[in-house]
Amino acid sequence: MTLWRIRATVDDRPGYLSVLTASLALRGVNILTVQVHTTERGAVDDFLVDAPDTLDEADLVAAVERGRGRDCWVARSEARGLADQPTRVLGLATGLVRDPDLTGEALRTLLGADSVTWRPKPAGSRAGITTTSMVLADPGGGSYDLRRAAPGFTPAEYARAQALVELGATAARRAAEQVTLVLPDGSELGVRPATGDDLPGVVELHERCSARTRHRRYLGGATTPPPARLRRLLEPARGVTLLATTTGSGGAAEPVVAMANLLAEGEMAEVALLVCDDWQRRGLGSALLRRLVRHAEQAGYAALVLHTQAENTPMLRTARRLSRPSAMDRDGSLLTVTVPLSGERARV
């Protein structure tokens, strides 16, 4: 007996699947597993079968067509195909939590793709599937392009793959940025990605900051932004927000003392810092800005953009400490600093 994978479209009408399975059974084909993918053209049934050694690809295609199946694709399979599909997906998810850099390989394994390529260009309107291609949005920035000659991609596969990409991005964001930061004066702070649950702590941070500090951060009024805006900053659609917190006895979390935002649009990423007055001029802003630069390079952005007031000497000094070539444009009292980046995420 030989293992085969068979994929065919069947009209979503009562009894049609039974006709197909009966046609296979008449040729001695044993169906081991079946997955059903709902599409606009009908139900795409994906079978793993055990067939007599005397049957070849043409025999199986003929049996499917006699069973009212169409658009048939047949290929030899391996014993690993016997693994339960949910179990396989959970295994891939576990691997991503341990090592988010394996996202490309996980996609290849999940879908049997011929190629998986990460690109810095956002998916945008390209997101979705054609018969032989799939474009997935990477929440960390950029997109994944997949190619598979056959069988054609289905909406169910697209949904599974996008969920896997989002899991990998979340794991990367959480794992890579959870660090202990030691400042030049010996003070230790925790640095981690923000979540929506941090809203109360970030509101308190703004209330502890002076009006001048808030004015410098938001280039306008000195009031604390409304909760809805702060929540968008904590969980940006593209980019990352880092929070610095002091650490009390026993590792208990203490108040948020700084917030660093990286908000991406296209291939550019805008950065901004808010550091509580008591923690300014201690190297915290510079440390956070360097971590944002590292994140932007790993995500493949072309440049960082920083908007600040011309009189904000501490922010300009922090930007110069990056020791990177930069361009500066002035519009009245507003300065825009652009820092080109050279890093790009490794491709799969």
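Modeller: The model is predicted, so local features need a pLDDT of at least 70 and side-chain atom pairs a pLDDT of 80 or more, whereas totals for chains, interfaces and linings use all residues. Residues are numbered from 1 along each chain as its sequence is written, and side-chain values use heavy atoms, without hydrogens or water.

R214 belongs to helix α7, residues 211-218; helices (H or I, at least four residues) and strands (E, at least two) are DSSP runs numbered from the N terminus. R214 is buried but has no salt bridge, and D277, the nearest side chain of opposite charge, is 7.2 Å away. Here buried means under 20% relative accessible area, exposed over 50% and partly exposed in between (1.4 Å probe, protein chains only). For charge, Lys and Arg count as positive and Asp and Glu as negative, with His and the chain ends not counted. A salt bridge requires a side-chain nitrogen of Lys or Arg within 4 Å of a carboxyl oxygen of Asp or Glu. Apart from neighbours within four places in sequence, R214 is in contact (heavy atoms within 4.5 Å) with H206, E207, C209, G221, A222, T223 and T224.

R216 does form a salt bridge, its partner being E311, at 3.0 Å from N to O. Because R216 is in helix α7 and E311 in the loop between β14 (303-309) and α10 (313-320), this pair ties together parts 95 residues apart in sequence. R216 is buried, at 15% relative accessible area, whereas E311 is partly exposed, at 42%. Elsewhere, salt bridges with shared partners join R5, R7, D46, R148 and E157 into one network. The structure holds 13 salt bridges.

Y218 is also in helix α7 and counts as buried because its relative accessibility is 13%. Residues up to four places away in sequence aside, Y218 touches H206, P225, R229, L230, L233 and M259. By contrast, the C-alpha atoms of Y218 and E254, 36 residues apart along the chain, are 25 Å from each other.

With neighbours within four places in sequence left aside, the contacts of M259 include V202, L205, H206, Y218, L233, L234 and T241. M259 is one of the residues that touch the most other members of the largest nonpolar core, which has 49 residues; L262, W279, L284, L292, Y301 and L304 are the others. Helix α9 (residues 284-299) contributes the most to this core, with eight residues. Another core, of 17 residues, lies apart from it and includes L92, F153, A161 and V165. A nonpolar core is a set of buried Ala, Val, Leu, Ile, Met, Phe, Trp, Tyr and Cys residues joined through side-chain atoms within 4.5 Å. In soluble globular proteins, nonpolar side chains tend to be buried together.
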